[in-house]
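Here is a short briefing on a structure with its sequence. Look over both before reading the notes, which are grouped by topic.

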Amino acid sequence: MKISFSGVSKIFEPDIVALRDINLDIKKGEFVYIIGATGSGKSTLLRLITRELLPTRGNVYAGDYDLRKMRKADIPFYRRDVGLVAQDFKLIPTLNVYDNIAFVMEAMAVPPKIVEYRTNEVIDQVGLWRRRFMKPAQLSGGEQQRVAIARALANSPSLFIADEPTGNLDLKTASDVMKILLAINAAGVTVVMSTHNQIIVNSCRQRVIELDQGRLVRDEQSGGYGRNDDF
Amino acid sequence: MTTFRYILRDMGRLLFHHWILGLLTLITAAVMLWILGITTLFSLNIENLLSRLESELVVQAYVKKDANHDEAEQKIRELNSVYDVKTYSPSESLAKLQEKMGNQSGVLDLPGENPIPWNFEIHVHNANDVENLVKELSAMPEIDDVIYAGMVVQRVSALSSVSSHVALIMFILSVIITALVVYNTIHISLYSRREEIGIMYLVGATRTYIATPFVLEGTLLAFLGALLAVAGILMTYFPGVSLLQENLPFLNTSLINDYNIITRFCFLLAGFGATLGWVCSYIVVARFVHSITRPE
């Protein structure tokens with residue numbers, strides 16, 4: 001899925017400017033890192049793509065949708081094509097791993113047999129087969145993150161949004177998560193990932209978009225974390 | 001069909017998750033709907049009694065000696081409040097009176113002309129109309145005198161009015177309390193799952209898919225409460241009616257004691273309970289889901 005930001009600004013009441021005049025194009029099938037200090041606007045940018053937020057000025061386009069003008073009834077259908085992985089995992093604590101993943105497809109009225117097959121498939125893909133009947137609280141941070149990734153994969157999305165997916169993970173687990181994300185991207189899915197992890201950005205070179213106080217200050221193909229790669 | 005299966009399963013999960021709250025809602029709804037049902041039946045019985053009394057309420061109008069009684073009858077029949085008019089000639093009236101007097105009818109053997117004029121026995125639609133009817137009759141040039149049971153009319157009207165007001169107040173209170181309890185239960189249910197609802201919406205569940213299990217939960221609780229209320233009414237109403245009929249025999253023909261009518265009433269009550277549950281749940285769910293899924 002292709003994404004475009006056209007003159008996008010986001011101001012939270014009363015006067016907190018999260019993003020200022022962002023112009024950006026992300027091509028279909030690209031892997032993009034969004035980097036920047038805390039409060040630079042990374043999460044706001046991702047939440048504009050998932051349409052949790054609306055821009056104060058400008059427009060955001062995703063695929064065939066103008067997200068500002070999108071009808072309410074179209075939002076769920078758009079989101080089914082967007083796999084979302086949040087830093088806090090956003091898993092439902094009362095459901096086990098299997099049900100956390102399955103309910104995304106159930107909401108689309110997918111027949112139970114297909115739900116079962118596809119859920120088992122993605123659980124296996126992220127290496128959680130033996131944990132499939134455990135509740136989120138019984139899993140480690142890395143495992144919860146993998147459940148979130150499996151859930152995002154369940155609907156075979158064409159856009160994958162990951163908001164600091166390695167933020168709470170050790171290097172080994174973060175590396176495992178990155179392998180999964182790169183594999184997803186290799187299958188033609190657009191991946192937009194915000195991160196603070198310099199090692200990952202520097203070791204898996206992809207397009208880097210850097211934000212600073214809501215401004216886009218760098219857009220570099222195969223870039224590293226630092227402006228001069230000095231980390 | 002698949003979606004409906006998932007929705008029913010989610011509703012089951014909701015009921016299981018908050019079963020104590022659900023049970024309390026069920027009991028409260030049952031008690032309030034029972035009160036509503038019994039109050040309505042009481043009111044219907046009072047109305048029945050009043051309509052019987054009203055049907056027996058008669059205004060007697062006497063025609064002046066020199067007036068045309070046919071014209072007077074025509075005028076009376078044209079009045080809106082009049083349900084029926086029976087005309088009695090002087091001789092018919094005398095015979096009727098003699099029959100009423102029985103053994104003492106000898107006192108009516110008067111010499112000379114029969115003093116009773118042509119007169120009308122007038123039945124009204126509604127006891128409240130009697131006062132106006134009497135005024136209208138008194139104003140007619142053909143009418144000499146009007147006789148009616150003034151105090152009875154006033155008391156019947158007052159009883160009718162009080163009964164209607166009490167029934168209305170009880171009805172409103174029962175509906176409000178039942179609605180509030182269902183509303184509150186669903187609101188707590190929603191609030192405890194607000195994070196889950198947010199996540200569901202974020203990963204592509206439609207509002208309808210999210211909201212329907214909650215609406216069904218509220219509807220089912222109110223419907224089951226109504227069924228309990230119906231059972232309670234069937235167990236208490238008929239013994240109550242029997243008791244009244246034994247102790248107050250004059251009420252025999254005024255009390256609703258037809259099993260078919262009561263059964264139909266119970267069906268209505270169950271339907272009303274389910275509708276009330278659906279409306280309350282729908283309102284609270286629509287408001288909640290709207291607020292939680294609104295983009296900033």
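**A partly exposed residue in a loop**

A:Gln213 is partly exposed, because 14 other C-beta atoms lie within 10 Å, and a residue counts as partly exposed when that number falls between the limits of 12 or fewer for exposed and 20 or more for buried. The model described here is predicted. The model scores ipTM 0.82 and pTM 0.70.

- Most residues other than glycine have a negative phi, and most peptide bonds are trans.
- A:Gln213 has a positive phi, near 50 degrees, and is not a glycine.
- The place of A:Gln213 is the loop between strand E9 (206-212) and strand E10 (215-223) of chain A.
- A:Phe89 also has a positive phi, near 70 degrees, in a residue other than glycine.
- A:Phe89 sits in the loop that lies between strand E6 (82-85) and H3 of chain A.
- Is A:Phe89 buried or exposed? A:Phe89 is buried, because 21 other C-beta atoms are found within 10 Å, and the limit for buried is 20 or more.
- The peptide bond that runs from A:Glu13 to A:Pro14 is cis, and its omega is near 0 degrees.
- A:Pro14 belongs to the loop between strand E1 (3-12) and strand E2 (16-26) of chain A.

**The open sheet of chain A**

- In chain A, 4 strands make up an open sheet with antiparallel pairing, and their order is E2-E1-E4-E5.
- Which strands stand at the edges? E2 and strand E5 (65-66) of chain A do; each has a single partner strand, so one side of each has no neighbour in the sheet.
- E1(A) and E2(A) are paired in the antiparallel sense, over 7 bridges.
- Within this pairing of strands, A:Phe12 is opposite A:Ile16 in E2(A).
- The link from E1(A) to E2(A) is a hairpin through 3 residues.
- Strand E4 (residues 57-62) of chain A pairs with E5(A) over 2 bridges, in the antiparallel sense.
- A:Tyr61 has A:Asp66, in E5(A), as its bridge partner.
- Helix H1 (residues 42-49) of chain A lies across E1, E2 and E4 of chain A. Helix H1 of chain A runs at about 120 degrees to E1(A).

**Where chain A touches chain B**

- How many residues of chain A are in contact with chain B? There are 19 residues of chain A in contact with 14 residues of chain B.
- Helix H2 (75-79) and helix H3 (97-106) of chain A each give at least two residues to the side of chain A that touches chain B.
- On the side of chain A that touches chain B, 10 residues are nonpolar, 2 are polar and 7 are charged.

- Chain B has two parts: domain 1 (2-53 + 155-293) and domain 2 (58-148).
- The centres of domain 1 and domain 2 of chain B, taken over C-alpha atoms, are 51 Å apart.
- B:Leu41 is part of helix H2 (residues 19-56) of chain B.
- B:Leu41 counts as buried because it has 22 C-beta neighbours inside 10 Å.
- B:Leu41 touches B:Tyr237 and B:Phe265, when neighbours within four places in sequence are left aside.
- From C-alpha to C-alpha, B:Leu41 and B:Ile256 are 8.3 Å apart in space, although 215 residues apart in sequence.
- B:Val31 is in helix H2 of chain B. B:Val31 is partly exposed, because its count of other C-beta atoms within 10 Å is 18.
- B:Val31 and B:Ser174 are 143 residues apart along the chain, and their C-alpha atoms are separated by 9.0 Å.

**Confidence of the prediction**

- Chain A has a mean pLDDT of 88, and 98% of its residues reach 70 or more.
- Where in chain A is confidence lowest, and where is it highest? Confidence is lowest in E10(A), with a mean of 85, and highest in strand E8 (residues 190-194) of chain A, at 94.
- Chain B has an average pLDDT of 83, and 92% of the residues score at least 70.

Terms used: Residues numbered from 1 in each chain as written. Chains lettered and ligands numbered in written order. Predicted model: local features only at pLDDT ≥ 70, side-chain atom pairs only at ≥ 80, totals over all residues. Domains from an automatic or database assignment. Contact = placed C-beta atoms within 7 Å. Nonpolar A, V, L, I, M, F, W, Y, C, P; charged D, E, K, R; others polar. pLDDT = per-residue confidence, 0-100. Pairing = 2+ DSSP bridges. Axes fitted to C-alpha atoms, helices over the stretch in contact; angles between N-to-C directions.
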